[in-house]
Amino acid sequence: MIKFPGGGVRLPLAALSGLLAGFAALAVAELVSAAVRPESGPVIAVGGAAIDRTPPALKDWAVRHFGTDDKLVLQLGILAVLALLALLLGVLALRFRRAGAAGVLLFGVVGALAATGRPDSASTADALPSVAGALAGAGLLYLLIGRLSLRPASAPDAAAPGLVVPGQVSGPPARRPDGWDRRGFVITASAAAAASAGAGLLGRSLNTANGQGAVAARGKVTLPRPVSTARPIPPGAVLHTPGISSFITPNGDFYRVDTALVVPKVDAGTWRMKIHGKGVSRPVTLTFQDLLERELVERDITLTCVSNEVGGPYAGNARWIGVPLAGLLKEAGVRPPSRGGPADQLVARSVDGMTIGTPVEDLMDGRDALLAVGMNGRPLPFVHGFPVRMVVPGLYGYVSACKWIQDLELTTFADYDAYWVKRSWARQAPIKTESRIDTPKPFARPKAGTVMIAGVAWAQHRGIDRVEVRVDDGPWTRADLAAEDTSDTWRQWSLPWKANPGNHTLTVRATDRTGTVQTEQRTPTIPDGASGRHSVVITVD
Ligand SMILES: Nc1nc2c(c(=O)[nH]1)N[C@H]1C(S)=C(S)[C@@H](COP(=O)(O)O)O[C@H]1N2
Ligand SMILES: [Mo]
């Protein structure tokens, strides 16, 4: 048991010192990160490292349960753990002053290792924010604990209280138990808190200012009119059943799945993308302007995440504007494997170090694989990959839809495993035929009578041929299918149902145009997407 001589108020003050030291460390790191690399402070670094190392099953669970909030939850979690450890280090420092300060330094090392170990880390300078922060924090803790240390009382011949042997009658205390520098502590603590707040705020605003150039550049982008516009959406393709997913997903409602704790703010004015690698006879480097000056096409394509559970929300349909990727690859001299090309994988690399590998054969088989620059009539939103991302009909996002692209490399699946493949997801992953009941919602309590069952079904690039619904163990009944926009988009469906009172299970299944019926075999999302049928249990009153 560690003893704290003259504990009392000094114990909570020591804990407070720990907290202040932690706060100072993070604030200084924030400020330094603005100079080294925007938004590269220790919490982001540790969070990023945690994301990279999270077992796939846990990450998948986090994505499912917190959705887009998973990153906020992670950062709040890290902050909570740090606060707790800071409190403990403060208390420890009261007894072992040097060890407490050294503990703060140790966290700096963890932050530095995390920062330099991230896939997008290019230099050891990424360790600077953590190191500087830790030095400031450790120094402050040492100083504050010094103020809390008991000063020798006026009697110079006093013995330390620890030397009193049990059984011996102790004389008057050699030090006054509260003989510490109250005034000094209050002054140091308040000055440090104020300085940290100042450094933190300054760092924050510098970091924000760093992104302003990119925001301004995006604001100035005017997308040229596509040479090939999307066919107008057929009137019968959009149902207006209340509760059904809107046919086109507005940008603000579009699902977001990525590993970026901080959304990259890429400046379109300085953006460059290289196409190079195996079988590339004419490597190219393109600017954003180069892309806008090419012939742009506009296509409706439904994107789906491999982490989407049966019935889950991670699918969205948008009208994309972009450069056909096949044409660019051909100009670079790339041939698909079926025409003797040596590369069977295109690896897209993003500014945040993500790598996504796509079969070259799929990219060049005539489907609308795009280097997208626009989403629903606007330049890509930052969260969806501004300035340039890939969109490939028929493939899950993790093998096709790299956001914030900065490099395209032709290679082989044998030679290179992309980010998610290293984390036990499949190398190749076409989207599985799926259907979802949007309405009624699970555990809804509609009134007896006619109830509209409705939802969406997708089998991108194959197309949906039929959707059927079953109530309890009854027969499969064909739902009314909305008109098809393209085989690359989802299809809405609905079925009016005469509902009798009681509990009912509604189940849906889709059949795609290859004749494949959505399997009832349940598989998890790992390694290549969930399968099974979506059911909803409701009570009819
Ligand atoms: N740079 C980068 N691109 C990425 C990812 C990522 O983590 N980083 N995630 C991929 C995954 S798993 C999916 S499903 C899609 C999602 O795109 P969205 O967030 O625009 O819906 O982006 C893909 N592109
Ligand atoms: Mo995904």
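In what order do the five strands of the open sheet stand, and with what pairing? The order is E2-E1-E10-E5-E6, and the pairing is mixed. Helices (H or I, at least four residues) and strands (E, at least two) are DSSP runs, numbered from the N terminus, and two strands pair if DSSP finds at least two bridges between them.

The model is predicted: local features need pLDDT of at least 70 and side-chain atom pairs count only at pLDDT 80 or more, while totals for chains, interfaces and linings use all residues. Residues are numbered from 1 along each chain as its sequence is written, chains are lettered from A and ligands numbered from 1 in the order in which they are written, and side-chain values use heavy atoms, with hydrogens and water left out.

The protein chain holds 11 helices and 18 strands, and its C-alpha trace spans about 95 × 65 × 40 Å along the principal axes. Of its 541 residues, 50% are buried; here buried means under 20% relative accessible area, exposed over 50%, and partly exposed in between, with a 1.4 Å probe and protein chains only. Contact means heavy atoms within 4.5 Å. Among contacts in the protein chain with a separation of 6 or more, 76% join residues 24 or more positions apart.

Helix H6 comprises the 21 residues 128-148, and at 1.5 Å a residue it should span 30 Å, which agrees with the 30 Å between its end C-alpha atoms. The expected span is 1.5 Å times one less than the number of residues. Buried residues of H6 include Pro 129, Ser 130, Gly 133, Ala 134, Gly 137 and Ala 138, and also Leu 140, Leu 141, Leu 144, Ile 145 and Leu 148. The buried residues of H6 pack against helices H1 (10-36), H2 (42-53), H4 (70-95), H5 (97-117) and H7 (182-220).

Two of these neighbours, H2 and H4, also meet each other. Their axes come within 10 Å and cross at roughly 115 degrees, where axes are lines fitted to C-alpha atoms, for helices over the stretch in contact, and angles run from 0 to 180 degrees between N-to-C directions. The crossing of H2 past H4 is right-handed; a crossing is right-handed if the near helix is turned clockwise from the far one by less than a right angle, and left-handed if anticlockwise. H2 contributes Val 43, Ile 44, Val 46, Gly 47, Ala 50 and Ile 51 to the contact, and H4 contributes Leu 74, Gln 75, Ile 78, Leu 79 and Leu 82. Nine of the contact residues are nonpolar, two are polar and none is charged. In this grouping Ala, Val, Leu, Ile, Met, Phe, Trp, Tyr, Cys and Pro count as nonpolar, Asp, Glu, Lys and Arg as charged, and the others, Gly among them, as polar.

Strands of a sheet pair through backbone hydrogen bonds, either parallel or antiparallel. The edges of the open sheet are E2 (284-287) and E6 (355-359), each of which pairs on one side only. From one strand to the next the twist averages 20 degrees. Strand E10 (residues 405-411) is largely enclosed by the rest of the structure, because five of its seven residues are buried. E10 pairs in the parallel sense with E1 (residues 272-277) over four bridges, and Lys 274 has Asp 407 of E10 as its bridge partner. With E5 the pairing of E10 is antiparallel, over six bridges. E5 (residues 345-350) also pairs antiparallel with E6, over five bridges, with Val 347 opposite Gly 357 in E6.

Ser 350 lies in strand E5 and counts as buried because its relative accessibility is 1%. Its bridge partner in E10 is Ile 405. Leaving out residues up to four places away in sequence, Ser 350 touches Cys 402, Lys 403, Trp 404, Ile 405 and Gln 406. Of these, Trp 404 lies in the loop between E9 and E10 and has a positive phi of about 50 degrees although it is not a glycine. Trp 404 counts as buried, at 2% relative accessibility.

One runs from Phe 386 to Pro 387, with omega near 5 degrees, and Pro 387 is in the loop between E8 (378-379) and E9 (389-391). Another runs from Thr 439 to Pro 440, with omega near 0 degrees, and Pro 440 is in the loop between E11 (434-439) and E12 (449-458).
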